[in-house]
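Biologist: Please take a close look at one part for me, the place where the two chains come together, and walk me through it slowly.

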Amino acid sequence: MLDPLTIVVVEPDPERARLIVDALTDATDYRVHVIAERAALARQIVQRKPDLVLIDVADPSRDVIEELTLASGPLDRPVALFVDRSDEGLSTAAIEAGLSAYVVDGLTPARVKPVLDAAIARFRLMQRMRAELAETKRALEERKVIDRAKGLLMRARGIPEDEAYALLRRTAMDQGRRVADVAEALVTAAGLLG
Amino acid sequence: MRAATLEIGFVPLVDAAPLVVAHEMGFAAEEGIALEFRRAPSWSSARDALSFGQVAAAHMLAPVPVAMALGLGGGGAAIDAVSVLSVNGTVVGVSTALADRMRDAGHEFDFTDAHAAGRALIAAAPEPLRIGVPFPFSMHAELVFYWLSALGRPSPQSLSIRTVPPPLMADAIRAGEIDAFCVGEPWGSKAVEGGVGELLLPGCAIWASAPEKVLAMRRDWAEAEPDLSGRLIRAVWRAGRWLDTADGRSLAAELLSRRAYLDIAPDLIERALTGRLIRAPSGQSQTAPRFVAFHEGGANFPWRSQAAWIGGQLAARTGLDRRRAVGAASSVFRSDLYRAALKQTAADLPAASSRVEGALGVDSSVAGVRGQTTLWRNAFFDGGTFDPAL
């Protein structure tokens with residue numbers, strides 16, 4: 001029986017960290033440590049002697065982990081970005097999902113693959129959630145700007161709301177632009193004119 | 001005809017300027033290509049985006065492709081440097097507490113004398129001296145190693161070089177995790193603005209012409225797409241030439257300050273571009289000639305000997321075989337692809353592709369492909385030289 005793998009997850013957001021840990025522990029038996037604090041990150045990682053380190057591609061602290069890939073680094077066994085030569089797709093899938101994985105040299109692909117599969121699936125889900133949230137926020141912002149532009153037109157021209165919106169839409173169509181962009185330009189111009 | 005779109009990775013730094021300018025000033029469009037930028041949050045992610053095929057080319061630390069060729073870091077396809085984007089542009093800074101100790105001991109912070117600055121630093125610093133750099137494979141790390149080793153502070157017993165992401169550098173100094181740093185702009189100036197650090201030396205005081213960032217491509221892509229990669233090399237070369245004009249510099253500060261690029265105030269960017277730096281939180285300014293170059297003095301030529309120097313340095317501190325490392329390194333700076341791309345332009349190309357690094361004590365006129373070409377001095381502060389053939 002092999003020792004359970006020790007996995008370090010670097011993630012400052014507790015909610016996201018919980019989602020990742022849940023996905024891993026569902027998959028099978030691992031020892032998972034979450035590091036939320038970025039100060040002295042390299043030392044914190046080394047202390048836990050991980051077989052695998054998982055971190056968001058977007059986290060600037062990732063470069064600190066690169067230091068551990070130096071042969072003369074503080075880890076006995078150098079870590080490397082995971083590349084399974086028998087399955088090139090796994091590394092690419094991880095990167096596309098926004099996940100960077102560092103694996104200690106010598107670990108067999110058979111032990112790494114289930115961990116990465118589970119982590120990749122979870123990162124994809126989180127990426128979708130993040131994209132949806134950003135999209136919702138953007139739509140909400142645009143709605144607000146369009147409302148302000150409508151209000152400006154209604155006051156300036158003394159027209160009702162539906163006419164103000166129709167005017168915005170017509171202008172957008174004539175200029176080949178989005179209604180939100182025309183509204184934005186109007187609000188900016190009105191702000192400049194005082 | 002519809003322009004071919006190339007995705008380009010970059011890290012938000014002042015020296016991403018040639019790529020930004022190639023796009024914004026129309027040099028890319030002139031070559032029939034459109035650039036689409038992907039801002040990278042770290043050097044490792046920029047490298048991986050490139051080697052795993054998410055972008056066609058990237059703004060890259062000169063030592064990264066060399067490190068990959070030596071099997072250090074990275075796991076995807078091999079990456080080559082097809083031109084040098086910028087020479088110099090880094091600063092060494094110290095915590096305000098350390099600066100005070102150095103001043104008390106009589107150091108004058110003159111910005112030019114790397115001997116005096118290094119000796120003052122060693123005398124005033126704790127043991128081991130802890131220096132933050134952006135990435136383990138960076139010119140920042142190599143310059144610090146070279147400088148302090150030459151002054152008798154050998155690593156790793158008395159010198160600890162640590163990777164600190166530049167946005168976290170000021171915090172690391174404030175928290176007392178590091179005593180000094182070597183970073184690219186605008187991060188040195190940001191540490192000064194934040195009141196946590198003072199600038200000690202520009203990188204060019206250690207090595208007068210250090211290749212800082214390169215235009216990096218996957219080797220297989222660069223070789224399979226000579227037409228596309230050639231267009232990009234030329235567009236970036238023209239952008240660099242434009243950047244090294246007086247008007248270019250101030251307009252570039254405006255371009256770079258935009259939200260899609262660096263998203264910071266243009267005056268902070270202009271310090272690096274003009275070489276007029278604010279040295280300390282007290283507001284004292286200092287001029288650094290040739291603080292960063294994008295074209296002049298043969299800046300863009302990817303000398304095989306520059307890569308060899310980096311390979312030799314990396315081998316020395318990681319225990320790799322030096323001769324093999326120097327050989328492997330030389331092959332990733334692609335002076336051949338650079339020459340082929342610029343053949344049809346007015347570019348002055350040197351006749352040789354390798355030289356003795358550190359040998360030019362003054363600006364020199366050397367044999368070029370069409371007559372003479374001027375190269376800037378490339379001396380090391382201690383007068384050392386590196387001959388890749390030895």
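Modeller: Between them, chain B and chain A bury about 1900 Å², where buried area is the accessible area (1.4 Å probe) that two parts lose on being put together, summed over both; of this area, 59% lies on carbon and sulfur atoms. Pro41(B), Phe52(B) and Thr163(B) supply 23% of what chain B buries against chain A, more than any other three residues. This is a predicted model, in which local features need pLDDT of at least 70 and side-chain atom pairs count only at pLDDT 80 or more, while totals for chains, interfaces and linings use all residues. Residues are numbered from 1 along each chain as its sequence is written, chains are lettered from A in the order in which they are written, and side-chain values use heavy atoms, with hydrogens and water left out.

In terms of contact (heavy atoms within 4.5 Å), 23 residues of chain B and 23 residues of chain A take part. Two salt bridges are counted between the chains, a salt bridge being a side-chain nitrogen of Lys or Arg within 4 Å of a carboxyl oxygen of Asp or Glu, and one of them joins the side chains of Asp48(B) and Arg62(A) at 2.5 Å, N to O. On the side of chain B that touches chain A, the elements giving two or more residues are helix H3 (43-51), strand S7 (159-163) and helix H14 (304-318) of chain B, helices (H or I, at least four residues) and strands (E, at least two) being DSSP runs numbered from the N terminus. H3(B) gives the most to that side, with five residues.
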